[in-house]
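Q: I'd like a close look at one part of this model, the place where its two chains meet. Could you take me through it and then on into the chains themselves?

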Amino acid sequence: MKIKIGIWLLFLMLGVSLQAQLEFTGFYQNWLAIRAVEEYDIMLIRNRVRLDGNLYGETLGAYFSLDVRNDGTNDESDFEISLREAYVDLYFSNVEFRLGKQQVVWGKADGVFINDIVSPLDMRMFLLQDFDNIRMGISMAKANLYLGNWTLEGLWIPKFEPWHFAKAGSDWEFTLGLPADTVWGPWGWEMVEELPYIFHVNDEKLPENSLENSEFGFKLATFLLGADISLLYLDGYADHPVVEDDSVTMIIDPELGVPTQIDTYITPFYYRSPMYGLNFSRPVFSTVIRGELGYFAARRFSDLNMQILISDYFQSMLGLDFTGPWGSSVSLQAIHSQIMDYQSGMVDDETEQMATVMLSGSFLRETVIASLLGLADVNEDAGLGRLDVSYAWSDALKISLGGFFLWGNEDTLFGQFSENDNIYLKIKYSF
Amino acid sequence: MKHILIFLIMCSLGWGQMTGREIMEKTDALPEPNDAVSTVKMSLIKSKKGKTRKRMREIRRFQVYYKEGELKSKSLIRFLKPAEVKGTSLLMWEYRGGKDDDQWLYLPAMQKVKRIVAREKSSEFMGSDFTYEDMGGRNIDEDSYKLLEEEELFGENCYRVEAIPIKNGSSYSRREVWVSKDSWMVRKVHYFNKKGKLVKILSIPELHKDGDYWTVDKMVMESVKKSHKTILEMKDVQYNSGIDEWRFTERGLRRK
């Protein structure tokens with residue numbers, strides 16, 4: 001079967017190459033990041049080469065994006081070659097198909113991902129990656145039907161792909177756990193004094209490959225009364241796992257007969273949670289108003305006893321983009337999240353609010369672009385800021401200087417990385 | 001003898017001569033195609049202390065014009081160069097009756113279509129010496145006109161017409177426009193700022209007629225005080241090729 005598919009694809013590629021133009025583009029990038037808090041060590045020396053191949057014609061097209069990356073720090077290096085995307089396009093008068101490894105972007109929000117959940121994220125550097133590199137391609141079949149102002153997009157994903165997280169021990173390992181000062185034993189009583197509470201994370205449990213476990217979704221988009229509107233539906237897996245405890249071991253002091261350490265073995269697992277979404281954007285005078293509403297059925301949440309509780313979940317984003325003089329712009333976003341059926345003991349808050357701001361301006365005939373990005377968790381007084389100034393030395397060479405700053409308590413999403421403030425220099429040569 | 005004298009007096013008073021408005025109406029009445037496709041090479045040239053620095057942009061432009069109805073035109077601009085922005089595309093729907101344009105921007109690296117609002121008319125277009133106002137052109141009724149004189153330019157006899165905005169809203173206090181007597185095409189424009197100072201000079205040294213339509217092959221916009229100029233060169237121009245309507249939708253924005 002695989003051989004047949006391979007021959008078919010080869011044939012298709014040959015057909016494409018005979019009728020279409022072939023083009024290669026890409027870039028080389030060096031990214032040096034130095035920690036801006038004590039130790040002041042080199043956090044990252046990343047060398048990346050990207051090669052994109054593009055075949056395009058009237059009825060057929062094909063594309064691949066090859067990424068070669070080497071990350072080095074003071075004491076280790078990490079080398080990776082990956083095929084970010086590789087797909088074939090078929091064009092008909094009112095229908096288009098895209099088959100292969102690809103990215104699908106469904107969101108209107110910048111820097112946050114509410115309805116934009118089709119393509120998994122590469123979170124190995126949390127949110128510090130360039131946003132154009134943070135999504136990962138996955139194998140899928142996608143079809144678009146065009147009827148006047150209406151577009152119906154359907155997609156089928158045979159195999160679920162989870163987000164990628166940083167490996168244990170790296171700067172960007174997610175360390176969020178239970179609050180240290182209110183540890184509840186799994187047997188149901190409150191510990192009177194703090195104990196070493198050690199989590200052992202088992203390999204994550206992925207859904208088995210089967211037709212039943214495949215994902216599918218639809219997007220219906222139109223242009224109505226000056227607004228871009230999309231209705232979305234995705235029957236798939238939640239993009240990050242919940243954990244449940246497999247076993248708990250309590251170590252007891254043999255002399256005193258009191259517990260001295262608790263070892264908990266947890267297993268991350270993925271589960272299905274259908275998403276119903278609405279996106280919109282519309283200009284009003286010199287401002288674009290955009291938004292996302294996402295309703296997620298049967299979301300799983302851990303409680304303090306490492307039990308799984310089920311509730312629907314709702315997220316919304318309202319954004320405003322202002323365009324100013326001299327190439328300046330301001331984007332503001334307010335994000336609200338709500339657990340619809342909140343139950344006591346849930347680790348997550350019932351409601352969460354986030355705000356983002358993006359200021360940017362271009363100078364010297366768009367050769368210098370300065371931007372300030374801020375993401376703030378309003379509930380937790382935590383967040384992330386990025387200041388970036390880039391200069392286009394020539395049409396091909398761009399140099400960027402900037403810094404990332406993270407703040408908040410260590411038990412918050414952003415605060416867990418507060419030791420990772422860094423300043424960076426990026427040099428990018430495009431060809 | 002008496003009749004000759006009357007004729008000479010009438011001539012000196014401008015009898016028989018076209019008015020500035022009539023000249024601009026001739027320009028405005030030049031035939032327009034139903035659609036056009038072209039590749040535009042844009043060179044941004046900075047000269048300072050004898051040194052010259054050049055940056056290049058290249059775009060493919062698709063445009064369709066509507067003779068009637070709410071929509072005036074739709075255009076799709078796709079960046080071909082430089083490499084870093086290749087594939088970035090801008091879709092614009094222009095309306096009659098003063099309604100704001102609808103605009104969408106496609107960023108291929110993000111694979112995202114963003115709704116945007118038109119930049120201020122006085123903003124630079126892609127870092128060039130052209131502003132969005134310069135690129136968009138002006139409706140003939142937005143200015144009052146006065147014929148200043150006749151001059152030879154690029155080997156052609158031209159009318160030199162002064163155009164002054166009737167209402168506020170333009171970045172310029174006035175323009176002087178050279179219009180060819182032969183083709184009725186604009187060959188040169190002087191732009192004056194609100195203080196009445198000459199700030200930019202547009203020259204159109206090369207053009208040709210392709211069937212019913214005049215095509216500008218090259219135009220140069222020079223900023224007088226900034227030692228900077230932008231050269232636009234058009235190539236692969238096609239008229240009335242019957243561009244599919246879907247080119248001017250999100251589908252067209254995303255299509256490679």
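How many residue pairs are in polar contact between chain A and chain B, both at pLDDT 80 or more?

A: Happy to! Between chain A and chain B there are 23 residue pairs in polar contact, both residues at pLDDT 80 or more; a polar contact is a pair of N or O atoms within 3.5 Å, where within protein one must be able to donate a hydrogen and the other to accept it, and residues adjacent in sequence count only if both atoms are side-chain atoms. On the side of chain A that touches chain B, the residues divide into 21 nonpolar, 18 polar and 15 charged (nonpolar: Ala, Val, Leu, Ile, Met, Phe, Trp, Tyr, Cys and Pro; charged: Asp, Glu, Lys and Arg; polar: the others, Gly among them).

A word on the ground rules. This is a predicted model, in which local features need pLDDT of at least 70 and side-chain atom pairs count only at pLDDT 80 or more, while totals for chains, interfaces and linings use all residues. Residues are numbered from 1 along each chain as its sequence is written, chains are lettered from A and ligands numbered from 1 in the order in which they are written, and side-chain values use heavy atoms, with hydrogens and water left out.

Back to the interface. Chain A brings 54 residues to the contact and chain B brings 35 residues, contact meaning heavy atoms within 4.5 Å. The buried area comes to about 3600 Å², with carbon and sulfur atoms giving 42% of it; this is the accessible area (1.4 Å probe) that two parts lose on being put together, summed over both. Eleven salt bridges are counted between chain A and chain B, each a side-chain nitrogen of Lys or Arg within 4 Å of a carboxyl oxygen of Asp or Glu. One salt bridge between the chains joins the side chains of E96(A) and R255(B), at 2.7 Å from N to O.

Now let's step inside chain A. Its fold has one helix and 23 strands (DSSP runs numbered from the N terminus: helices are H or I with at least four residues, strands E with at least two). Of its 431 residues, 46% are buried; buried means under 20% relative accessible area, exposed over 50%, and partly exposed in between (1.4 Å probe, protein chains only). Among the chain A contacts with a separation of 6 or more, 56% come from residues 24 or more positions apart.

D52(A) is buried yet has no salt bridge, and the nearest side chain of opposite charge, R50(A), is 4.9 Å away (Lys and Arg count as positive, Asp and Glu as negative; His and the chain ends are not counted). Its side chain does make a polar contact with the side chain of S65(A), at 2.7 Å. Beyond four places in sequence, the contacts of D52(A) include E23(A), F24(A), Y63(A) and L66(A).

R48(A) has a charged partner: it forms a salt bridge with D67(A), with the closest N and O atoms 3.0 Å apart. R48(A) lies in strand β2 and D67(A) in strand β3 (residues 60–72) of chain A, so the pair ties together parts that are 19 residues apart in sequence. R48(A) is buried at 6% relative accessibility, and D67(A) is buried at 1%. Elsewhere in chain A, R46(A), R69(A), D71(A), E80(A), D122(A) and R124(A) are linked in a network of salt bridges.

Chain B has buried pairs of its own. K200(B) forms a salt bridge with D134(B), the closest N and O atoms being 2.7 Å apart. K200(B) lies in strand β11 (residues 198–210) and D134(B) in helix α3 (residues 132–136) of chain B, so this pair ties together parts 66 residues apart in sequence. Both K200(B) and D134(B) are buried. R175(B) and D143(B) also form a salt bridge, at 2.7 Å between the closest N and O atoms.

Finally, some backbone details in chain B. The peptide bond from K81(B) to P82(B) is cis, with omega near 0°, and P82(B) falls in the loop between β3 (71–81) and β4 (89–95). K49(B) is not a glycine, yet has a positive phi of about 50°; K49(B) lies in the loop between β1 (35–48) and β2 (51–65) and counts as exposed at 80% relative accessibility.
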